[in-house]
Amino acid sequence: MKLLRFEFDCSKQVPWYGYLCNQYLNYQKLNLTIGLLAIRHQADSHLEQQKKPVITWRYLLEAEGEQAQLEQLAEQIAADFLISVNLLDSRILLATERLGDNKPIDVTAAQLPFCQHCQPRLGDNQHTDFANLTLTCEHCHGEQATKSLAKVAGLQRQDIQQLAMRLLEGETLFLDDVNGKLVVSRQAIGSGRQQLLVCNPNTLNSLFQVSDNEVLALSSIEKPLLLLRPTAAAKLPAPLYEVGFAASRLQLVLTEFLRVKGVDAIYCHRENQQALYAHMLGMDIPVRTPMVILNQAKLGQPLPETLHDSARFGQYVAKASGKRQQQLTVSLSDDDSIWDSTEASNAAQCALLGIAAEDGSSNNLGLLYFSDEYCSQLLTSDDKGNVSCFMQIPELPVHGREIVAALEASPQQGVFAKFAEQYPELYQRLMQLDLSDCPKQSLKTLWVVAAVIIGIQADSNAQLADAFVAAAMSNTSANAPRIDYPLVSGDSASFNWCKTFGTLISFRLAGDEDAAKLAFAMNDSLADFIANWIERLDLNTAIRRVYLAGSSFANPVLGRRIALRLGKNFALGVSQMQDLDGALLAAGALYLRQRRR
Ligand SMILES: [Zn+2]
């Protein structure tokens with residue numbers, strides 16, 4: 001007889017895993033025990049510990065039996081525990097004693113639209129159950145969500161085939177789906193960054209630059225959207241796309257009809273449904289998630305008491321409830337009776353406070369908040385939790401001619417005059433830039449100007465910023481030139497952007513025409529400067545852990561370079577229970593010391 005333990009380490013709780021563990025309590029052949037452990041890694045311990053997430057959630061199942069019985073169990077568990085985007089690691093080990101027991105794990109809302117049992121039936125055009133959206137599955141019960149929405153439940157195979165035909169004829173469809181409104185089309189939808197729904201996962205590699213980990217994430221039960229760069233062969237016009245797989249039964253069947261017709265992917269729009277995820281510090285974190293609940297059960301420790309009962313930040317409303325306000329719920333809401341704390345200059349502080357609620361303490365933290373929407377800042381908190389802003393991303397003039405005027409009046413005037421002479425076309429593009437649709441004090445705006453300087457072409461400012469990020473992602477050069485980000489002090493310290501663009505221009509003039517290398521260098525050098533600033537700050541205010549937040553981290557290059565440069569000397573962290581730039585801010589606003597009108 002041997003005692004085996006199956007462990008699944010996750011960056012946050014996965015309700016589906018809890019549900020599966022509970023199911024295994026009914027396993028007939030062996031006596032199983034289960035458990036869910038919260039493992040916290042202290043920032044001040046050994047450097048190897050610093051590399052770990054702030055908290056790891058470990059699901060475990062244990063069984064004692066003969067070799068053959070255990071092998072059979074292992075096979076079944078491997079098949080049942082589908083990949084989650086939050087799964088960090090899994091293992092089977094020989095145990096000496098049981099850590100779990102036979103009490104069910106507290107699970108709320110464990111639902112899947114389909115699973116490995118029903119997907120091959122309802123999603124395969126050769127199967128007799130194909131396109132039966134209400135097909136009963138005793139494993140995932142995905143039919144329940146479908147049945148709760150009559151408009152979807154009533155769709156027959158011919159109806160969905162009709163929808164596919166209309167799509168192929170060029171129509172844009174506005175459909176009701178279990179998660180909300182679904183828009184699908186063969187043409188781009190709206191003018192922003194496009195979402196693509198993959199119809200044929202086998203062609204993913206020919207359409208996008210995608211790693212094995214990204215393929216696993218896309219296939220995971222959470223069905224995330226990932227920011228991917230198309231291959232040259234795909235001939236897709238935009239530099240970056242938000243790409244995802246079918247996330248509902250209707251989408252599964254519709255994409256199967258389209259796949260058979262040779263369609264690899266279609267444009268789609270699923271507002272606030274499938275979250276875009278960023279890969280940071282070895283974890284996948286949603287940029288904005290539709291809903292967050294924080295309480296002792298979710299955090300593994302008590303939630304600090306909030307200062308306010310409710311608050312809005314952007315599209316999100318946070319509410320505290322329960323005894324001593326120890327539960328916090330954040331959701332998308334248009335309830336306008338809630339006090340609105342949305343202010344671009346407060347976003348970073350709200351992010352820090354939202355993270356502190358999760359961390360358990362607001363003392364001795366550093367925060368790099370880089371947002372494509374709100375004011376980007378580097379904050380620290382002292383040993384009493386007082387927050388101060390060390391620096392913020394500079395605000396560029398709105399008109400290109402003012403940017404040009406500033407460069408011509410700066411010590412960089414010489415190098416800029418040569419640039420104007422050597423690249424008259426780029427000079428004209430700079431003069432004509434209009435940044436009025438760009439966020440203030442955001443890296444995104446900086447990237448737009450840098451993209452023009454290094455000669456990237458695109459149709460809009462948003463696409464210029466995306467093309468700049470895509471260029472940095474495609475870099476293959478081992479050594480990057482060093483771009484300057486010199487600090488300028490003042491009421492709100494920032495860096496001298498004239499000098500930054502000046503160094504970029506001087507590399508361009510020196511014959512460096514490799515846009516990928518220069519875009520990468522802008523990211524890498526910024527990460528290097530940040531690492532130096534934080535080291536200096538740490539001398540005055542001891543920094544226990546540096547957290548990263550904000551939607552700009554959807555740019556994987558920036559996050560990776562910061563992790564590499566800063567992670568050498570500091571413990572890093574990211575909100576694991578919330579998101580990067582959505583619910584997090586509203587949660588933090590509940591802790592914001594501010595007099596309310
Ligand atoms: Zn199923």
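1. A residue is called buried here if 20 or more other C-beta atoms lie within 10 Å of its own, exposed if 12 or fewer do, and partly exposed in between, with C-beta atoms placed from the backbone. Phenylalanine 416 is buried, with 23 other C-beta atoms within 10 Å, and its place is in helix H14, residues 413-422; helices (H or I, at least four residues) and strands (E, at least two) are DSSP runs numbered from the N terminus. Leaving aside neighbours within four places in sequence, phenylalanine 416 is in contact with Leu407, Glu408, Gly502 and Ile505, where contact means that two C-beta atoms, placed from the backbone, lie within 7 Å.

2. The model is predicted, so that local features need pLDDT of at least 70 and side-chain atom pairs count only at pLDDT 80 or more, while totals for chains, interfaces and linings use all residues. Residues are numbered from 1 along each chain as its sequence is written.

3. The domain assignment of the protein chain gives domain 1 (2-94), domain 2 (119-274), domain 3 (283-383 + 541-589) and domain 4 (400-531), with bounds that come from an automatic or database assignment. The C-alpha centres of domain 2 and domain 4 lie 38 Å apart, and their contact takes six residues from domain 2 and nine residues from domain 4.

4. The largest nonpolar core has 187 residues, and those with the most contacts inside it are Ala351, Leu367, Ala451, Phe468, Ala586 and Ala587; such a core is a set of buried Ala, Val, Leu, Ile, Met, Phe, Trp, Tyr and Cys residues joined through C-beta atoms within 7 Å. Helix H19 (residues 515-540) gives the most to this core, with 12 residues. Not counting residues up to four places away in sequence, alanine 351 touches, among others, Leu367, Tyr369 and Ala549.

5. The axes of helix H17 (residues 461-473) and H19 come within 7 Å and cross at roughly 95 degrees, the axes being lines fitted to C-alpha atoms over the stretch in contact, with angles running from 0 to 180 degrees between N-to-C directions. The contact is made by Phe468, Ala471 and Ala472 of H17 and by Ala515, Ala516, Ala519, Phe520 and Asn523 of H19.

6. Alanine 131, which lies in the loop between helix H4 (119-122) and helix H5 (143-147), has a positive phi of about 70 degrees although it is not a glycine, and it is buried, with 24 other C-beta atoms within 10 Å. Lysine 235 has a positive phi of about 55 degrees, but this lysine is exposed, with 8 other C-beta atoms within 10 Å.
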